[in-house]
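Here are my notes for a first look at this model. Please read them with the structure open.

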Amino acid sequence: MSVLEVKELTRRFGGLVAVNNVSFQVDEGEIFGLIGPNGAGKTTFFNMLTGMMPPSVGTIAYQGQEIQGFAPHRVAGCGIARTFQNLRLFGNLSALENVAIARHRHQKTNLFAGILGLPNARKAEQETYDRAKELLDLVGLTGKYRQQARNFSYGDQRRLEIARALALEPNLLLLDEPAAGMNPNEKSTLSDLIRQIRAQFNLTVLLIEHHIPLVMGLCDRLAVLDFGELIALGAPDIVKADPAVIEAYLGDE
Ligand SMILES: Nc1ncnc2c1ncn2[C@@H]1O[C@H](COP(=O)(O)OP(=O)(O)OP(=O)(O)O)[C@@H](O)[C@H]1O
Ligand SMILES: [Mg+2]
């Protein structure tokens, strides 16, 4: 069953067509890769999916419901969470607080009720922090709960963003270049982490990534964008051999 279906999705910026008439479906439980050269429209695609900008044309159906044009919090409420290519952590907050805050928003409990120590709020507060710790453990940040996010390596910041996205309890997780800035060792453990997350939370994962070996080894299917257009769609080994894809990447060099 398809969890996400985009039809004729298009986004223009003045005269520039950043995403041009893109249609495809993502099946439930897939790890689906969105690749393409710089400026191909990948992040713009995510921005439309998450309500950060409306499409110029086209529809986005998530679990059968059209969500194009929804505000970001409403999209998140539907079960779609993301990480950002340009990290958006609260640098002067701890890892734990970064994750807990995401969860607070989700629960709609009041931070101040927690500070005042109201009993229900305190229980929710405790659960929030316990859960945040579990998520930090999951992404490999055990022992770094109290460190400020700004002091983290790129790799740790990217994993922290994943933990924060998971705190929203999504069904669909969007990762925008999760391996960027990671060392080779971190990149290889990232694949395992993404697979583990999918299994543990029954997630569908949509992933933008430039690191081709990672994408090829991890993704069930790929969509390739080039100058906003969908030029290939299918299993990694088929897409990799597609002349249009080879051309797009060589043309980028
Ligand atoms: N808010 C915006 N206003 C104007 N132009 C934009 C805006 N956002 C993106 N663009 C343009 O749209 C095109 C697609 O950009 P986008 O960031 O989606 O590409 P990308 O595939 O994510 O690239 P990269 O791999 O470098 O991250 C680019 O030409 C970019 O300059
Ligand atoms: Mg991008």
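1. Terms first. Helices (H or I, at least four residues) and strands (E, at least two) are DSSP runs, numbered from the N terminus. Please also keep in mind that this is a predicted model.

2. Overall build. The protein has 10 helices and 10 strands. Its C-alpha trace spans about 60 × 40 × 35 Å along the principal axes. A compact globule of 253 residues would have a radius of gyration near 18 Å; the protein comes to 19 Å, which agrees.

3. Packing. Of the 253 residues, 40% are buried. Take the contacts between residues at least 6 apart in sequence: 68% of them join residues at least 24 apart.

4. Domains. The protein is divided into domain 1 (1–79 + 170–253) and domain 2 (93–168). The contact takes 11 residues from domain 1 and eight residues from domain 2. On the domain 1 side, helix H7 (residues 184–201) gives the most, with four residues. By class, that side has eight nonpolar, two polar and one charged residues. The C-alpha centres of the two domains lie 26 Å apart.

5. Core. The largest nonpolar core holds 69 residues. Val99, Leu136, Ala163, Val205 and Leu207 touch the most other members. Both domains contribute: at least three residues come from each of domain 1 and domain 2.

6. A closer look at Val205. Leaving out residues up to four places away in sequence, which ones does valine 205 touch? The list is Ile31, Phe32, Leu173, Leu175, Ile194 and Arg198.

7. Ligand 1. The residues around ligand 1 are Phe13, Leu16, Ala18, Gly36, Asn38, Gly39, Ala40, Gly41, Lys42, Thr43, Thr44 and Gln85. Strand S2 (16–27) and helix H1 (42–49) are the elements that give two or more residues to this shell. Which of the elements gives the most? H1 does, with three residues. By class, the shell has four nonpolar, seven polar and one charged residues.

8. Helix H1. Seven of its eight residues are buried, so H1 is largely enclosed by the rest of the structure. The buried ones are Lys42, Thr44, Phe45, Phe46, Asn47, Met48 and Leu49. Lys42 and Thr44 also belong to the shell around ligand 1. Just after H1, glycine 51 takes a positive phi of about 80 degrees.

Technical notes:
Residues are numbered from 1 along each chain as its sequence is written. Chains are lettered from A and ligands numbered from 1 in the order in which they are written. This is a predicted model: local features need pLDDT of at least 70, side-chain atom pairs count only at pLDDT 80 or more; totals for chains, interfaces and linings use all residues. A residue is near a molecule or strand if its C-beta atom, placed from the backbone, lies within 6 Å of it. Ala, Val, Leu, Ile, Met, Phe, Trp, Tyr, Cys and Pro count as nonpolar, Asp, Glu, Lys and Arg as charged, and the others, Gly among them, as polar. The radius of gyration is taken over C-alpha atoms; the globule rule is 2.2 Å times the number of residues to the power 0.38. A residue is buried if 20 or more other C-beta atoms lie within 10 Å of its own, exposed if 12 or fewer, and partly exposed in between; C-beta atoms are placed from the backbone. Two residues are in contact if their C-beta atoms, placed from the backbone, lie within 7 Å. A nonpolar core is a set of buried Ala, Val, Leu, Ile, Met, Phe, Trp, Tyr and Cys residues joined through C-beta atoms within 7 Å. Domain bounds come from an automatic or database domain assignment.
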